[in-house]
Each structure stands twice: as C-alpha cells, then as structure tokens.
Amino acid sequence: MDIRHYKEWIQIGLNILHYRKEQRLTQEQLAESCGEEGISRNFIQRIETGVSSCSLDTLIDIAAALKIPLYKLFEFKD
C-alpha cells in the first residue's frame, strides 16, 4: 500500500466496518459473501483496519455483499 493514501484506506476500512456492523455481519460472513469464491476473513480484517489495500474489484464485491452502492465506501466524514 502506498503510504500517501493511508488516511483514505483507513476511512474506507471504517466505512466497511460501519456497514458490516450495521447489518450485524461477522467478518467471516462478509468474506464468504464477496464474489464467487469469497475472500478470507483475515483479508477483510486487514482492509477494515487499513493494514492492506485492495483492488477496486474487491471493493465492488464488498459493496455488493453489504448491499450498498459502491460510493458509500468513499463517503468520508471530517
């Protein structure tokens, strides 16, 4: 991950965490719902905490699994 965008990845991760908790999903449940093959729970955890970045395709899968429009992951609060 490029350190220049660390703050943005933290915000994206917090948005994923917010919507996941709002829907009372575990990281495991969200991970299994992402795409045809799913992704690992550990990867979800790393995205939520800003430790790892991910591809746009993965963000699209996460938004679909959360049943939210993709842009919601990019709404940053001051």
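Trainee: Which residues form a negative surface patch here?

Mentor: Keep in mind that this is a predicted model. The negative surface patch is made by Glu36, Glu37, Asp57 and Asp61.

Trainee: Where does Asp61 lie?

Mentor: Look in helix 4, which covers residues 56–66, and you'll find Asp61 there.

Trainee: Is Asp61 buried, partly exposed or exposed, and why?

Mentor: Asp61 has a relative accessibility of 31%, so it counts as partly exposed. The label "buried" needs a value under 20%, and "exposed" needs one over 50%.

Trainee: Which residues make a nonpolar surface patch?

Mentor: That one is built from Leu56, Ile60, Phe74 and Phe76, and it covers about 360 Å². Take Phe76 as an example: you'll find it in the segment after helix 4. Its relative accessible area is 37%, so Phe76 is partly exposed.

Trainee: On to salt bridges. How many does the count come to?

Mentor: The idea is a side-chain nitrogen of Lys or Arg within 4 Å of a carboxyl oxygen of Asp or Glu. By that rule the count comes to two salt bridges.

Trainee: Which residue does Glu48 form a salt bridge with?

Mentor: Its partner is Arg20, and the closest N and O atoms are 2.6 Å apart. This pair ties together distant parts of the chain: Glu48 sits in helix 3 (residues 41–48) and Arg20 in helix 1 (residues 6–22), 28 residues apart.

Trainee: Are Glu48 and Arg20 buried or exposed?

Mentor: Both Glu48 and Arg20 are buried.

Trainee: And which residue does Glu75 meet in a salt bridge?

Mentor: Glu75 meets Lys72, side chain to side chain, with an N to O distance of 4.0 Å. Here Glu75 is partly exposed because its relative accessibility is 33%. Lys72 is partly exposed too, as its relative accessible area is 24%.

Trainee: What about disulfides? How many are there?

Mentor: First the general idea: a disulfide is a covalent bond between the sulfur atoms of two cysteines. In this structure the count comes to zero disulfides. Cys34 is in none, and the nearest cysteine sulfur, in Cys54, is 9.3 Å away.

Trainee: Are Cys34 and Cys54 buried or exposed?

Mentor: Cys34 is buried, as its relative accessible area is 2%. Cys54 counts as buried as well, with 15% relative accessibility.

Trainee: Where is Arg24, then?

Mentor: Check the loop between helix 1 and helix 2. Arg24 has a relative accessible area of 76%, so it is exposed.

Trainee: What is the phi of Lys67?

Mentor: Lys67 isn't a glycine either, and its phi is positive, at about 60 degrees. You'll find Lys67 in the segment after helix 4. With a relative accessible area of 73%, Lys67 is exposed.

Trainee: How far apart are Ile39 and Asn15 in sequence and in space?

Mentor: Ile39 and Asn15 are 24 residues apart in sequence and 18 Å apart from C-alpha to C-alpha. To find Ile39, go to the loop between helix 2 (27–33) and helix 3. Ile39 is partly exposed, with a relative accessible area of 25%.

Trainee: And Tyr71 and Cys34: how far apart are they?

Mentor: Tyr71 and Cys34 are 37 residues apart in sequence, while their C-alpha atoms are 17 Å apart. Tyr71 belongs to the segment after helix 4, and its 49% relative accessibility makes it partly exposed.

Definitions and conventions: Residues are numbered from 1 along each chain as its sequence is written. This is a predicted model: local features need pLDDT of at least 70, side-chain atom pairs count only at pLDDT 80 or more; totals for chains, interfaces and linings use all residues. Side-chain values use heavy atoms; hydrogens and water are left out. Patches are made of residues with over 30% relative accessible area and no salt bridge: like charges are joined within 9 Å, nonpolar side chains (Val, Leu, Ile, Met, Phe, Trp, Tyr) within 5 Å. Accessible areas come from the Shrake-Rupley method with a 1.4 Å probe; for residues, only the protein chains shown count as cover. Lys and Arg count as positive and Asp and Glu as negative; His and the chain ends are not counted. The place of a charge is taken as NZ of Lys, CZ of Arg, CG of Asp or CD of Glu. Helices (H or I, at least four residues) and strands (E, at least two) are DSSP runs, numbered from the N terminus. Buried means under 20% relative accessible area, exposed over 50%, partly exposed in between (1.4 Å probe, protein chains only). A disulfide is a pair of cysteine sulfur atoms within 2.5 Å.
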